[in-house]
Amino acid sequence: MKFTSLRTCDFRNLTALDTECNASTLVLTGPNGQGKTNVLETLYILSYGSSFRTSYLKECISWGKEGFFISGDFIDEDTNDEGKISLSYFNGQRKIMLDGKEIRDRKELVYRFPCIVFCHDDISFVKGEPEERRKFFDQMLSLYSPSYFDALRTYKAILAQRNAAIRTYDDSLISLYNERLARLGMEIMEERTAAVYEFNRIFPSLFSEISGTDLTLSVVYQPSWKDAGSVEEIIKELEDTVERDKKMNTTTSGIHRDRFVVMSQYGPFAQIGSTGQLRLCSLIFRIAEAIHFSTKTNRKPMLLLDDVLLELDSEKRGKVLSSLPPSSQTWCTFLPDENYNEKGENSINFSVRNGGLYV
């Protein structure tokens, strides 16, 4: 899916944009604080219905305004069908319109507009809390597997209900939720195990080639229910730990406690890697995600690269760019002194100043 035009009104610091962007590669160049990331954020929100920078869309409203509106025209390169997507946010309410029809479940967008963003916060996938790596793999799986998306959403809802029952000591409800949690948990564990196996067929060699080091990295999946091989065994584990759960006022085991650890031949990479190596690793995580998505679906995602090449030397930058899989559209941001200038009949270079885009 490729955007051919983009419009904004009262979105962060952006001026009222009405910009043609019918190209495969879009390069945004400008100093910090001018609005480059804000442009990428609009594209991400149109693709997901949510932001990669904040959980609260109200933070995207321009100062002193009551809401914002963003929209884009697009073309499906597989079918040549054209369409329009828009999102408005007023009075705390989000409204998404796709070709004149209101979209009430954001899941409909995920599979229509596959989008992968590369940003500085991605370093948390490598050295951050376990929750951040779970989030990465959940997002990677959800991008191509509706069944995983639904199972994860349902699991979270049942988990919240079981936690409420734990706090009220309602044993009958806890028993009911144990079975449902176990069945969904087993399904999710199986999909995570398969996904990590496939990810490890891409990621280690990619890191070795781009980093130029002798480090051998892989991702190790450590399920919370590691000793349970069936739904019945998971149910028994939940029953055996219910008193501990009651003391802690929460469900202390389950796929929401799973760990994904980046390991090297010398131990956990977060403990031995330099800051530069950790950041490069997080960048390669995203490349591997994009390659994995294309392999699983035979589709091309849209790629958004937000100043992630800044700290790389010219050799690594070239390797990163050459390692990116084919995309429906690629948007990159750069500072003026990075001297990056993509030219070609299928590219557009924008200068970003004071929230405006200038060719």
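Modeller: Gladly! The model is predicted, so local features need pLDDT of at least 70 and side-chain atom pairs pLDDT 80 or more, while totals for chains, interfaces and linings use all residues. Residues are numbered from 1 along each chain as its sequence is written, and side-chain values use heavy atoms, without hydrogens or water.

Biologist: Where is N354, and is N354 buried or exposed?

Modeller: N354 lies in the loop between β14 (347–353) and β15 (356–358). Buried means under 20% relative accessible area, exposed over 50%, and partly exposed in between, with a 1.4 Å probe and protein chains only. N354 has a relative accessible area of 63%, so N354 is exposed.

Biologist: What is the phi of N354?

Modeller: Most residues other than glycine have a negative phi. N354 is not a glycine, yet its phi is positive, at about 50 degrees.

Biologist: Which loop holds N249, and what is the phi of N249?

Modeller: N249 sits in the loop between α9 and β10. With a relative accessible area of 39%, N249 is partly exposed. N249 is also a residue other than glycine with a positive phi, near 60 degrees.

Biologist: What is the strand order in the open sheet of three strands?

Modeller: Two strands pair if DSSP finds at least two bridges between them. In this open sheet the pairing is antiparallel, and the order is β9-β10-β11.

Biologist: Which strands stand at the edges of that sheet?

Modeller: An edge strand here has a single partner, so one side of it is left without a neighbour in the sheet. That holds for β9 (218–222) and β11 (267–268).

Biologist: How many bridges join β9 and β10?

Modeller: Two of the residue pairs can be named. S218 stands opposite M263 in β10, and V220 has V261 of β10 as its bridge partner. β10 covers residues 259–264, and its antiparallel pairing with β9 runs over five bridges.

Biologist: Which residue of β11 is the bridge partner of M263?

Modeller: β10 and β11 form a hairpin with two residues between them. They pair in the antiparallel sense over two bridges. The β11 partner of M263 is P268.

Biologist: How are α11 and α12 oriented, and what is the handedness of their crossing?

Modeller: Axes are lines fitted to C-alpha atoms, for helices over the stretch in contact, and angles run from 0 to 180 degrees between N-to-C directions. The axes of α11 (residues 275–297) and α12 (residues 314–323) come within 10 Å and cross at roughly 20 degrees, which makes α11 roughly parallel to α12 (under 35 degrees is roughly parallel, over 145 roughly antiparallel, 65 to 115 roughly perpendicular, and the rest oblique). A crossing is left-handed if the near helix is turned anticlockwise from the far one by less than a right angle, and right-handed if clockwise. The crossing of α11 and α12 is left-handed.

Biologist: Which residues make that contact, and what are their classes?

Modeller: Contact means heavy atoms within 4.5 Å. L280, L283, I287 and I291 of α11 meet K316, V320 and S323 of α12. Nonpolar covers Ala, Val, Leu, Ile, Met, Phe, Trp, Tyr, Cys and Pro, charged covers Asp, Glu, Lys and Arg, and polar the others, Gly among them. By class, the contact has five nonpolar, one polar and one charged residues.

Biologist: What is the orientation of α4 to α5?

Modeller: α4 (residues 130–142) and α5 (residues 146–167) pack with axes 7 Å apart, at an angle of about 135 degrees. That makes α4 oblique to α5.

Biologist: Which residues of α4 and α5 make the contact?

Modeller: The contact residues divide into four nonpolar, one polar and one charged. They are D138, L141 and S142 of α4, with Y148, F149 and L152 of α5.

Biologist: Which residues does T42 touch?

Modeller: T42 is in α1 (residues 36–48). At 0% relative accessibility, T42 counts as buried. Leaving out residues up to four places away in sequence, T42 touches L6, T8, F11, L14 and I70.

How values were computed: Helix = DSSP H or I, 4+ residues; strand = E, 2+ residues; numbered from the N terminus.
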